[in-house]
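Subject: Structure for you to look at

Hello,

Here is the structure I promised to hand over. Please open it first and then read my notes below.

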Amino acid sequence: MSKTATLNFDGNQYELPVVEGSESEQAIDIAKLRGSSGLITIDPGFKNTGSTQSAITFLDGEKGILRYRGYPIEQLAEKSTFLEVAYLLIKGELPTAKELEEYKDSITHHTLVHEDMKQFAEAFPTKAHPMGVLSAMISAMSTFYPESYDPNRDTESVDKTIIRLIAKLPTLAAWAHKNSLGHPIMYPKNKLNYCENFLNMMFAMPTEDYEIDPVVVNALDKLLILHADHEQNCSASAVRLVGSSQSNLYSSISAGVSALWGPLHGGANQAVIEMLEKIKEDGGDVEKWVNKAKDKNDTFRLMGFGHRVYKNFDPRAKIIKKACDDILSKLGVNDPVLDIAKKLEETALKDEYFVARKLYPNVDFYSGIIYRALGIPTEMFTVMFAIGRLPGWIAQWKEMVENKEPIGRPRQVYVGSQERQYPG
Ligand code: SDX
């Protein structure tokens, strides 16, 4: 017998169905609320509003649990690879060895970008932020594949678009980086795996090879796994909303990149390093900066801290923090901002303001320290987040399409002028 919730309003009683998920989460289904009572609900930022029922990723914010298609993030980060996780998120099951090999091979053979795209890349100013370049280039890429515009999205063309996006995003990202340096772009090499290829396109030059370090490659693969999906976050919701109008997958992903860019979301990993550098230059007085973060009259926030869902440790932050020590020691890197980050975390987690608000380090707090140790420039940190999050965005878009969800169009409560006559 499914549960219901009773709403008493204006002397009337309304029974509303309650849906229950596979992890016993419960939600009041308000689809028919306006029709029966004239009421809508309102929830700026959708802090307590579910937008969909999804089978992709499960988070438990209180317990700090994150699972992709039921598999705990700790096990995937330890035992899987990024392309295997991408397959899992998008197709719902882990691939067989043969399926994975075919998937990797298909991606390898789509890493080249149409030569005409170079004219767009070269048109950007040298100092263009790579997230602006990436969002524009992904949308521009759609113009080379008009068959992807099909609103009915036949399976074959969708699968092709998915492979093209996963294959070409690292190439576009590396192009943005090379353009920012005024360096010639490097082409993908089919003999390299996904992460090796990206690193080579980022750091090799026509004049000298890039020496591929397995420590760097494995660290990057793990970071991409940790960023691969996170249920209905801001950028995934942007992808779903744009896709719900039957806009094509390229334009939906371009919207996701734009949403991720914000410093309150994926842009936080760049903001964390800039914050840590500022604290270092200021003498490393973490108490002073923790107090600034608490001061309502001060706009400063502790970037990389707090989360809409996690009211306990972000499990990804725990894994990344441990990986920080491992990777920096393996690479022989001694980064003073890591010590500042650890001191900041220790100070904040003892402070009543953070404890009362359940503010813990999130995925962005330590990730930038590893990216920096891998030689990734700060402005590219959020691009790394986008490369990792791409399979998740695609999985969310695909689920929305396959479930034939309606176009997203929220209601509002109007608070403006009542009717008035135009003068004269
Ligand atoms: C990501 O949604 C996802 O899943 C996102 C993500 C993903 O994988 O897709 O996990 C990736 O975006 C991680 C978050 C990265 N952003 C940052 O690190 C930026 C700093 N953090 C915040 O701005 C904030 O914590 C948010 C945006 C992450 C969450 O904001 P909420 O849920 O809207 O919470 P809030 O702003 O209402 O804060 C509640 C209270 C407020 O104080 P009071 O009004 O109750 O007195 O906590 C305070 C806030 O002022 N607060 C902070 C703080 N974060 C929240 N105070 C100081 N420093 C902070 N970082």
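In this predicted model, a backbone N or O atom of Leu 264 lies 2.9 Å from a nitrogen atom of the ligand, a polar contact (a pair of N or O atoms within 3.5 Å). A backbone N or O atom of Gly 304 is 2.8 Å from a ligand oxygen atom. The side chain of Arg 316 has an N or O atom 2.6 Å from an oxygen atom of the ligand. Taken alone, the ligand exposes 1,100 Å², and the protein buries 80% of that (Shrake-Rupley areas, 1.4 Å probe).

The ligand has 25 residues around it, each with a heavy atom within 4 Å. Among these, His 230, Arg 301, His 307, Arg 308 and Arg 316 come nearest.

On the reading of the model: residues are numbered from 1 along each chain as its sequence is written. Local features need pLDDT of at least 70 and side-chain atom pairs 80 or more, while totals for chains, interfaces and linings use all residues, and side-chain values use heavy atoms, without hydrogens and water.

The other topic is helix H11, residues 249-260 (helices are DSSP runs of H or I, at least four residues, numbered from the N terminus). Of its 12 residues, 10 are buried, so H11 is largely enclosed by the rest of the structure; buried means under 20% relative accessible area with a 1.4 Å probe, protein chains only. Tyr 250 and Leu 260 are among the buried ones. At the start of H11, a side-chain oxygen of Asn 248 comes within 2.9 Å of the backbone nitrogen of Tyr 250.

Regards

Note on methods: Helices (H or I, at least four residues) and strands (E, at least two) are DSSP runs, numbered from the N terminus. The expected span of a helix is 1.5 Å times one less than its number of residues. Buried means under 20% relative accessible area, exposed over 50%, partly exposed in between (1.4 Å probe, protein chains only). A polar contact is a pair of N or O atoms within 3.5 Å; within protein, one must be able to donate a hydrogen and the other to accept it, and residues adjacent in sequence count only if both atoms are side-chain atoms.
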